[in-house]
Amino acid sequence: MGVRADAIRVYRDLRRFGYNDSHSGNLSVRKGSRFWVTPTGACADTLRKSELVGCDVDGALGAGASLDANLHQAVYRSDPAVGAVVHSHCPYAVAMTFDGEDYLPPDFEGQYYLPRVSVLTIAYQSYVAEAPQRVADVLARATMAIVRGHGVYARGRDLDEAYKWTCSVELSAKTAWLARQAGKLNPSPR
Ligand SMILES: [Zn+2]
């Protein structure tokens with residue numbers, strides 16, 4: 001299967017399994033000096049691979065690319081080993097980091113895969129200007145970053161790996177939420 005077909009499959013799965021709604025989030029996959037990104041306003045239920053927008057890693061973004069396309073580009077530029085970037089609005093991961101503190105997974109799997117997840121606070125008004133470099137700086141040394149009140153950015157060698165990190169942090173945050181509700185988990189010590 002080609003990378004564009006992979007991109008459609010993962011983008012649909014993000015919607016299908018509750019990591020995004022019909023139109024939220026975006027993703028990209030790299031091939032050589034180019035990457036393919038979801039278009040702005042993409043609907044996960046109907047998006048076709050012919051609608052993905054081709055961009056240059058070191059040059060111009062294609063017309064109609066996601067508003068986050070320059071963020072994806074910054075991540076690819078900072079690390080040639082990155083093959084995919086996935087952005088989702090994981091509800092539990094977002095809910096559990098509304099305090100702006102880094103996320104420390106309390107569960108075994110979370111601690112194994114992601115010992116500490118950086119949480120960035122970026123003002124809505126300056127998001128487009130600030131987010132690309134700030135998120136790229138974190139993704140240069142970690143598999144993912146959470147932007148407070150917004151969502152998760154995960155990178156991987158390929159789409160499946162970026163998707164895996166997305167699923168990992170969301171299940172960890174969901175487990176932490178359930179444990180908190182059950183009265184079995186106090187807020188994590190800092
Ligand atoms: Zn978003």
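Two strands are taken as paired where DSSP finds at least two bridges between them, and strands (E, at least two residues) and helices (H or I, at least four) are DSSP runs numbered from the N terminus. The structure is a predicted model, in which local features need pLDDT of at least 70 and side-chain atom pairs count only at pLDDT 80 or more, while totals for chains, interfaces and linings use all residues. Residues are numbered from 1 along each chain as its sequence is written, and side-chain values use heavy atoms, with hydrogens and water left out.

In β2, W36 is the bridge partner of V29. Strands β1 (residues 26-31) and β2 (residues 34-37) run antiparallel and are joined by four bridges. Both belong to an open sheet of seven strands with mixed pairing, in the order β3-β2-β1-β4-β7-β6-β5. Because β3 (53-56) and β5 (118-120) each have a single partner strand, one side of each of these edge strands is left without a neighbour in the sheet. On average, neighbouring strands are turned by 20° against each other, direction ignored. Helix α6 (residues 159-181) packs on the sheet and touches β1, β4 (84-88), β6 (144-147) and β7 (151-156), a contact being heavy atoms within 4.5 Å. The direction of α6 makes about 140° with that of β7; axes are lines fitted to C-alpha atoms, for helices over the stretch in contact, and angles run from 0 to 180 degrees between N-to-C directions.

The zinc ion has as protein donors H87 (NE2), H89 (NE2) and H150 (NE2), at 2.0 to 2.1 Å. Donors are N, O and S atoms within 2.8 Å of the metal (3.2 Å for Na, K and Ca), and sites may look incomplete because water is not among the atoms. Along the chain the donors follow the spacing H-x1-H-x60-H. H87 lies in strand β4 and H150 in the loop between β6 and β7, so the pair ties together parts that are 63 residues apart in sequence. H87 is buried, at 2% relative accessible area, whereas H150 is partly exposed at 24% (buried, under 20%; exposed, over 50%; partly exposed, in between; 1.4 Å probe, protein chains only).

T97 is located in the loop between α3 (91-95) and α4 (108-113) and is buried at 1% relative accessibility. Not counting residues up to four places away in sequence, T97 touches Y103, V119, I146 and R148.

The protein chain has six helices and seven strands. Of its 190 residues, 50% count as buried.
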